[in-house]
Amino acid sequence: MPMAKTSSGAHLRIGFIPLVDAAALLVAVDKGFAAQEGLDIELVREVSWSNVRDRLNIGQFDAAHLLAPVAVASSLGLGHFRAPLIAPVTLGVNGNAISVTLALHAAIMAEVDGAPHDPAVTARALAKVIAKRKASGAEPLTFGMTFPFSTHNYQLRFWMASGGIDPDEDIRLVVLPPPFMVESIVNGQVDAFCVGAPWNSVAVDLGVAHILHFVSEILERAAEKVLGVRADWATRNADTVEALVRATAKAAQFVDQPENHAEVARLLAAPDRLGVVPEVILRTLEGRLRVSPDGSMRASDSYMMIGRDGAARPDPVQAAWLYAQMVRWGQAPLSDALREGAIGVFRPDIFDRAVGMPAMPRTTGPADGVGAFAGPAFDANDIAGHLAPWHVHRRR
């Protein structure tokens with residue numbers, strides 16, 4: 001990948017949340033890829049996605065490590081004031097997991113009828129657990145997720161609904177910042193959560209949770225985080241945006257090379273980065289996670305992708321899928337204009353221009369670009385047709 005230098009000399013303030021899928025952005029700074037592009041970047045560690053969104057939208061950040069659905073929702077004016085954003089780089093594909101307490105894991109396994117790693121099987125088992133709790137008068141289970149406009153929210157809902165669970169009626173879904181997930185499960189405030197690495201592994205290592213599913217078992221390919229930039233700022237600073245894309249894309253390639261994993265884990269473990277032990281980050285980068293307090297391991301080549309298999313190049317199909325979930329769960333009306341607006345947030349044209357690659361379709365991964373474990377193949381041009389078969393929804 002050719003990486004031309006720029007003499008822009010730009011100073012940028014960029015926000016991030018302490019998650020492994022911020023790796024390309026952090027490594028771009030810490031390994032000097034940004035400096036090679038003439039960029040002086042100040043990284044600002046944040047706690048919550050609402051803080052990151054708001055500081056980006058009002059101009060306190062020039063760019064941000066951002067939930068992919070937040071980039072879409074902000075651009076469409078959903079859940080907040082409208083602030084058009086673009087995503088010229090995908091920072092992470094996949095990387096989330098669903099973790100459950102020891103008690104809930106035991107309850108689900110007692111109801112499993114089939115392979116315990118099959119999300120269709122565990123969704124049906126969870127439905128039985130919920131039914132028994134209702135019959136006994138027990139409180140609803142509480143699941144944590146990171147933001148209403150998040151892949152975590154949509155992935156939990158997709159999985160549960162496949163088993164006939166209504167996530168708005170049968171359980172409680174609560175919003176928690178990623179670094180607070182483990183403490184919430186330790187304190188008994190949640191029974192389960194969906195969050196990005198390393199926080200699932202931290203909970204398992206503490207002996208308080210099992211990883212029930214890698215989200216790559218639910219969706220084969222899901223854009224998780226993007227580099228979010230305000231659209232008007234990007235127009236005024238096109239050269240700087242392309243320099244930032246080049247630096248981040250080069251860092252993404254570095255991160256995903258196995259020979260670099262140990263060094264990347266050490267960089268990300270620093271107190272002002274993720275602040276966890278390097279070994280937990282290393283397992284994440286290798287896709288080899290401890291899933292149970294008893295030491296059981298599970299591995300997946302697709303657990304998290306930063307730069308390989310075209311992961312860094314924004315895929316508009318992913319933006320369309322995210323918009324479809326917003327429609328399904330009552331966050332947005334269905335319209336061609338909103339669908340086109342969502343797709344327009346992901347900018348592979350800027351990525352291709354910045355790194356010197358010709359425009360090309362994705363050639364790896366699932367045929368429909370998503371690879372969900374249940375339901376029809378996804379058609380980005382037919383959101384209504386995709387949603388029609390689903391019985392559990394909350395559409396406007």
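## Charges over rings

The charged end of R298 sits over the ring of F214, 5.3 Å from its centre. R157 does likewise with W329, lying over the ring's face at 4.9 Å from the centre. The cut-off here is NZ of Lys or CZ of Arg within 6 Å of the ring centre and within 35 degrees of the ring normal.

This is a predicted model, where local features need pLDDT of at least 70 and side-chain atom pairs count only at pLDDT 80 or more, while totals for chains, interfaces and linings use all residues. Residues are numbered from 1 along each chain as its sequence is written, and side-chain values use heavy atoms, leaving out hydrogens and water.

## Aromatic pairs

Searching the whole structure turns up five aromatic pairs. For F158 and W390, the ring centres are 5.2 Å apart and the planes are at 65°, so this pair is edge-to-face. (Rings of Phe, Tyr and Trp, using its six-membered ring, pair with centres within 6.5 Å; planes under 30 degrees apart are stacked, over 60 edge-to-face, the rest tilted.) F158 is in helix α7 (residues 151-162) and W390 in the segment after α17 (383-387), 232 residues apart.

F158 is buried at 1% relative accessibility, and W390 is buried at 11%. Buried means under 20% relative accessible area, exposed over 50%, partly exposed in between (1.4 Å probe, protein chains only).

## Around L268

Leaving aside neighbours within four places in sequence, L268 is in contact (heavy atoms within 4.5 Å) with residues including V20, L26, R273 and I281.

How values were computed: Helices (H or I, at least four residues) and strands (E, at least two) are DSSP runs, numbered from the N terminus.
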